[in-house]
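Q: Please show me how to read this structure, one feature at a time.

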Amino acid sequence: MRLQLIAAVVVGAAIVASAARALADDSATNAPDAPASRPKTVAPIVAKASLDTTAYTDSDHVSVVTPVVSAEVGDREGAWKVHGQYLVDVISAASVDIVSTASQRWHEVRQAGTLGAGYKPKDFGADVSAAISREPDYGSVAGGGNLIWDFDEKNVIALLGYSYDHDTIGRTGTPFSVYSHALAVHTLAGGITLTLNRAAVLALVSDVIIESGDQSKPYRYIPMFSADVAPTIAKGASISVVNAERLPDRPLENLPDSRDRYSLTARFGYRFAHGTLRADERLYTDTWRLHATTTELRYYANLSRRLMVWPLVRVHAQNGVYFWSRAYVSSFGNGSFELPEYRTGDRELGPLYSITGGLGGSFGIGPSSDPSLLSIRAQADYIGTEFLDDLYVKSRGSVLGTLGLDGVFQ
Amino acid sequence: MKNRFKSLVVASLCAVGLSACAHVAPYQRERLADPTMALDDMSGAAEGHVHAVHEGAAGGTVAASSGCGCN
């Protein structure tokens, strides 16, 4: 937290200093008796910094506040750059899943940092990045890189990337050395970006993600029902109904120890005279037989030199994993309960669809020569999710709001 | 037969996609150089994390951007 404050103060001071300098430059340029302006020397190095705060709340009594600070330094032509990001999630939750286990509202802090660098002097380049994330019951360390080739004067670009992520899953209040299990994630990405014409570009990216390890949540208890009761448990059945009908045994979640995930993503961009249309489509499948489609559309409209707004819509739909069940069946035999091998209460592994609608905007407050050198950014999204075959809830409404300040120093 | 049909469809899409490309010289990339044309993930850090938590799918977070063609 101390590091975060220092980083935030440094970046904030840099942005404010840039604002003051930009406004001073602006007023000097606009002064009636200003001498004829000299041609400015163009700095070879460009630095960018951003301060964001995002707030999230939903109808399931979860709220998160996320301050983010990020910075990037590189040369003007993009041959090299180094960048970093640090964020903190301050989470407060009393969701139905927590209440159903008779637990109290809990609070948690997650800290995550990323450092990266890229070097691409000509047609071939590479970038590397490392990330670390820590919360009381979950730790993650990741590293990876991408190779990028330009062909045909950058009309065709190929990308090949790999990253490794090592996660440690534990329990709050118990050291990882006493209780934890590991999850290893290998990600291989390959893609091609095609320049279609002077205003349109298309990227196709394929990801293969290999996960191995036990990723079951150590707090997630799964209610069990007898074979004759299970079919009577309705979608969205309340906590009281579930508690009245379930069997006394309530085992922990148990997920398969490996999962291979595949996605194919297409990204399209078209630049109009005063706006950009962006369209993304991701098709997804995995060895848990979860299939999904995610579509996102944004239109960045340049309403003036200072003002840009972007309405957005995102639609996601998926089926449930092969071992998904609203009401798992357990039977008593040989002196104990016979449980289904795999069982989960993770709503995001069940069938659902969600629709996001949002509106963002940025207002340049930099000098009139280039207002975008300093800008204020805001975005508000509403995410409506329908759970098609779940206990406790049928839907969830979420609101996500971001306020940010972006500065460019040159 | 089904596999041959699939292969034919994929090959046709690739052919149409590649033939749709026109050679754009570096000095013609003014529109492509706009920052909004960078084909990276449109979501911010926190926004992307929310989507990752809300959706059972993953992937598609990296792509090479075409950009200004200046390096």
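Q: How many helices and strands are in chain B?
A: Helices (H or I, at least four residues) and strands (E, at least two) are DSSP runs, numbered from the N terminus. Chain B has two helices and zero strands. This is a predicted model, where local features need pLDDT of at least 70, side-chain atom pairs count only at pLDDT 80 or more, and totals for chains, interfaces and linings use all residues. Residues are numbered from 1 along each chain as its sequence is written, while chains are lettered from A and ligands numbered from 1 in the order in which they are written.

Q: What is the average pLDDT of chain B?
A: pLDDT is the predictor's confidence in each residue, from 0 to 100. Chain B averages 76, and 63% of the residues score at least 70. Where pLDDT is low, the predicted coordinates should not be read in detail.

Q: How many residues of chain B are in contact with chain A?
A: Two residues are in contact if their C-beta atoms, placed from the backbone, lie within 7 Å. In chain B, 36 residues are in contact with 62 residues of chain A. Helix 2 (residues 45–54) of chain B gives the most to the side that touches chain A, with five residues.

Q: Which residues of helix 2 of chain B are buried?
A: A residue is buried if 20 or more other C-beta atoms, placed from the backbone, lie within 10 Å of its own. In helix 2 of chain B these are B:Ala45, B:Ala46, B:Glu47, B:His49, B:Val50 and B:His51. Their cover includes strand 1 (45–58) and strand 20 (395–409) of chain A.

Methods
Buried ≥ 20, exposed ≤ 12 C-beta atoms within 10 Å, placed from the backbone.
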